[in-house]
Amino acid sequence: MLYCMGCHGPQAEGVPGKVPPLAHALGRYMRSPAGRNYVLRVPGAANSVLSDAQLAGVLNWLAQTFDAGELSSDVPLFSAAEVTSQRHSPLPSVLATRREVVRELAATGPAPPASY
């Protein structure tokens, strides 16, 4: 509630034009290494005061609560070790990376919206 809901909203829907949704998007990002890397390196995750284990837990809860339909048995949940290995290297360009990841995901199946 303190670290995600303020921007992404109580239903993880985001704010059109300002904050991307997590609902119906997070599970899609979790399908690819590039998508997972992106999620863990966006400013909200990279700069969060949550521990790596707490961040993994919050992201997994968000995916299971708001995007369970996108999670298949072959999509692993985030681990604390994965968060530790990725999050401490912020993205140089969040929007450029997002566009690239969304394009890659769209080529292999459902993707988050190109704009938000």
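The structure is a predicted model. Alanine 12 is found in the loop that links α1 (5–8) to α2 (26–29). The protein contains seven helices and zero strands, and the order of its elements from the N terminus is α-α-α-α-α-α-α. Its radius of gyration is 13 Å, close to the 13 Å that the globule rule gives for 116 residues, so the protein is as compact as a globular protein of that length.

**Overall dimensions and surface**

- The C-alpha trace spans about 35 × 30 × 30 Å along the principal axes of the protein.
- Of the 116 residues, 42% count as buried.
- The protein has an accessible surface of about 6300 Å², and carbon and sulfur atoms account for 60% of that surface.
- Among contacts between residues at least 6 apart in sequence, 68% join residues at least 24 apart.
- The side chains include 9 positive and 8 negative ones, and the centres of these two sets lie 7 Å apart.

- Alanine 12 has a phi near 60°, which is a positive value in a residue other than glycine.
- Alanine 12 has a relative accessible area of 1%, and it is therefore buried, the limit for that class being under 20%.
- Histidine 24 lies in the loop between α1 and α2, and its phi is also positive, at about 60°, although the residue is not a glycine.

- Helix α3 covers residues 33–41, and its buried residues are Gly35, Arg36, Tyr38, Val39, Leu40 and Arg41.
- The cover over the buried residues of α3 includes α2, α4 (43–46), α5, α6 and α7 (94–108).
- Arginine 41 lies in helix α3 and is buried, with a relative accessible area of 16%.
- Leaving aside residues up to four places away in sequence, arginine 41 touches Ala46, Gln86, Arg87, Ser89, Pro90, Leu91 and Pro92.
- Arginine 87, one of these contacts, is 46 residues from arginine 41 in sequence, while the two C-alpha atoms are 4.8 Å apart in space.

**Aromatic pairs**

- A pair of aromatic rings is described by the distance of the centres and the angle of the planes.
- The protein has two aromatic pairs.
- Tyrosine 29 and tyrosine 38 form a tilted pair, with 5.2 Å from centre to centre and 35° between the planes.
- Both tyrosine 29 and tyrosine 38 are buried.
- Tryptophan 61 and phenylalanine 66 form an edge-to-face pair, because their planes lie at 85° and their ring centres are 5.8 Å apart.
- Tryptophan 61 is partly exposed, with a relative accessible area of 49%, whereas phenylalanine 66 counts as buried at 16% relative accessibility.

**Helix α7 and valine 102**

- Valine 102 lies in helix α7 and counts as buried, with a relative accessibility of 7%.
- When residues up to four places away in sequence are not counted, valine 102 touches Tyr29, Ala111, Pro112, Pro113 and Ala114.
- Tyr29, one of the residues that valine 102 touches, is also a member of the tilted aromatic pair with tyrosine 38.
- Valine 102 and alanine 25 are separated by 77 residues in sequence, and their C-alpha atoms are 10.0 Å apart in space.

**The loop between α5 and α6**

- Serine 73 lies in the loop between α5 (52–66) and α6 (80–86).
- Serine 73 counts as exposed because its relative accessibility of 83% falls in the class over 50%.
- Serine 73 and proline 110 are 37 residues apart in sequence, with a C-alpha to C-alpha distance of 16 Å in space.

Notes: Residues are numbered from 1 along each chain as its sequence is written. This is a predicted model: local features need pLDDT of at least 70, side-chain atom pairs count only at pLDDT 80 or more; totals for chains, interfaces and linings use all residues. Side-chain values use heavy atoms; hydrogens and water are left out. Helices (H or I, at least four residues) and strands (E, at least two) are DSSP runs, numbered from the N terminus. Buried means under 20% relative accessible area, exposed over 50%, partly exposed in between (1.4 Å probe, protein chains only). The radius of gyration is taken over C-alpha atoms; the globule rule is 2.2 Å times the number of residues to the power 0.38. Contact means heavy atoms within 4.5 Å. Accessible areas come from the Shrake-Rupley method with a 1.4 Å probe; for residues, only the protein chains shown count as cover. Lys and Arg count as positive and Asp and Glu as negative; His and the chain ends are not counted. The place of a charge is taken as NZ of Lys, CZ of Arg, CG of Asp or CD of Glu. Rings of Phe, Tyr and Trp (its six-membered ring) pair if their centres lie within 6.5 Å; planes under 30 degrees apart count as stacked, over 60 as edge-to-face and the rest as tilted.
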